[in-house]
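Here's a quick tour of one protein model, written for someone who likes to have the coordinates open alongside. Have a look at the structure, then read on.

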Amino acid sequence: MTQSRRMLVLRAVVEDYIRSQEPVGSTSLTRNHHLGVSSATVRNDMAALEDEGYLVQPHTSAGRVPTEKGYRYFVDRLATVVPLSSAQRRAIGNFLGGSVSLEDTLQRAARLLARITGQVAVVASPALSKSTLRHVEIVPVSMNKLLAVIITDTGRVAQHTLEVHPLPSTELLATFSETVNARCVGQSLTLAAKTIVALGKTVEHGELSALAQALSCALTSMAEDEQATDMYMAGTSKLAHQHSGTEMAPLLDALEEQVVIMRLMNSLSEEVTENGVGVAIGSETHTPELMHASVVTSGYGHINATVSEGSASAQAGKPVAFVGSIGPTHMDYVTTMAAVRAVARYLTGIIGEDATDADS
């Protein structure tokens, strides 16, 4: 579609339908929008848009409603995502700033996003397979057991009990821990595991080969654990009450299949537009239960494994996790896209960058 007036008519139809959820007629368009043409001309434009597949007329005497193609054109032509207001950004900072842990932050982020959009909000925790090592602390807890506290760059903290016979001396443990942190910080968990095994084979740390092997296994297990990514969801009940059961029932069924949602939103968050968000509408989700739904998502954080190998190196710069919103195709795309982007940027700040740049 190259006709600028028809583009304006289509945009007006989408905006009005999102607001009213009622078929839009030419008379209301000329009354509510400054299109500069008569109602008859608008009616002809709407008929042409219907022929081109951007609008559909549910009933003979009714107005038109956007099709999936119409929504896609509308979303693609949003030149920029309008930033949230200063007050809204401060509200995000104040609400999320009161968190006591990463898990609490992500739960709060889901509740906040659901509150802003009135839709289902989904926030994934950073995948350990995409994390790098920030610090390792090893302390004795019994005669033959050590506790390894492993902290990643995304703020995840994991504790692993390591059985070692005999228990190394305090001095050897301290030296080994210092070496591990000096050599492995910034490496992917998989590469750090290999580095630690190699350390256990050196003359300096040869007495700790069993400890090195145990710690390496713990890091490898973390990197390979598919369940290490948790998903926090909010707003399901509110969405169900706001919309008809026949429309929302398939969507609610889809939300129970968390693996499907995780895969979809992960993929979408890695293919965001220059606006910083990705949008899949209806059939674009490739999920039958979401045929009448749209998904808006954005990634947060960045894989920063500067010393890595294989697939980890190829993923450098990609997001560590996603935040997104799921709702009907007639969702308020402008507000939803702005809110998703703002929350994603704040979470990026929380896990290692400057959170004050949450929506600049």
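## What counts as buried, and a first example

A residue is called buried when its relative accessible area is under 20%. Asp45 comes out at 3% relative accessibility, so Asp45 counts as buried. You'll find Asp45 in helix H3. Setting aside neighbours within four places in sequence, Asp45 has contacts with Arg5, Arg6 and Val9.

## The model overall

Keep in mind that this is a predicted model. Its average pLDDT is 84, and 88% of the residues score at least 70. The part to treat separately is residues 353-360, where the pLDDT is below 50. That stretch still has 18 contacts in the model beyond near neighbours in sequence.

As for the fold, there are 14 helices and 10 strands. Of the 360 residues, 50% are buried. The accessible surface comes to about 16900 Å², and carbon and sulfur atoms hold 50% of it. If you take the contacts with a separation of 6 or more, 62% of them link residues 24 or more positions apart.

Which residues have the most contacts inside the largest nonpolar core? They are Leu29, Leu290, Tyr300, Ile326, Tyr333 and Met337, in a core of 77 residues. The element that gives the most to this core is helix H14 (residues 333-350), with 10 residues. Domain 1 (1-77) and domain 2 (86-126 + 230-355) both supply residues, so the core lies between them.

## Aromatic pairs

How many aromatic pairs are there? The count is two. One is formed by Tyr54 and Tyr73, and the arrangement is edge-to-face: 5.6 Å centre to centre, with 75° between the planes. Tyr54 sits in the loop between helix H3 (39-51) and strand E1 (55-56), while Tyr73 belongs to helix H4 (residues 68-76), so this pair ties together parts that are 19 residues apart in sequence. Tyr54 counts as buried because its relative accessibility is 9%, and Tyr73 is buried as well, at 9% relative accessibility.

The other pair is Tyr71 with Tyr333. Ring centres are 5.8 Å apart and the planes of Tyr71 and Tyr333 meet at 45°, so this pair is tilted. With Tyr71 in helix H4 and Tyr333 in helix H14, the pair ties together parts that are 262 residues apart in sequence.

## Gly97 and its surroundings

One more stop is Gly97, which is part of helix H5 (residues 86-97). Leaving out neighbours within four places in sequence, Gly97 is in contact with Ile92 and Tyr346.

Now for a pair that is separated along the chain: Gly97 and Ile350 are 253 residues apart in sequence, yet their C-alpha atoms are 8.9 Å apart in space.

How values were computed: Residues numbered from 1 in each chain as written. Predicted model: local features only at pLDDT ≥ 70, side-chain atom pairs only at ≥ 80, totals over all residues. Heavy atoms only, no water. Core = buried A, V, L, I, M, F, W, Y, C linked by side-chain atoms within 4.5 Å. Buried < 20%, exposed > 50% of the residue type's maximum accessible area, 1.4 Å probe, protein only. Helix = DSSP H or I, 4+ residues; strand = E, 2+ residues; numbered from the N terminus. Domains from an automatic or database assignment. pLDDT = per-residue confidence, 0-100. Contact = heavy atoms within 4.5 Å. Areas by Shrake-Rupley, 256 points an atom, 1.4 Å probe, with all protein chains shown as cover. Phe/Tyr/Trp six-rings, centres within 6.5 Å; stacked < 30°, edge-to-face > 60°.
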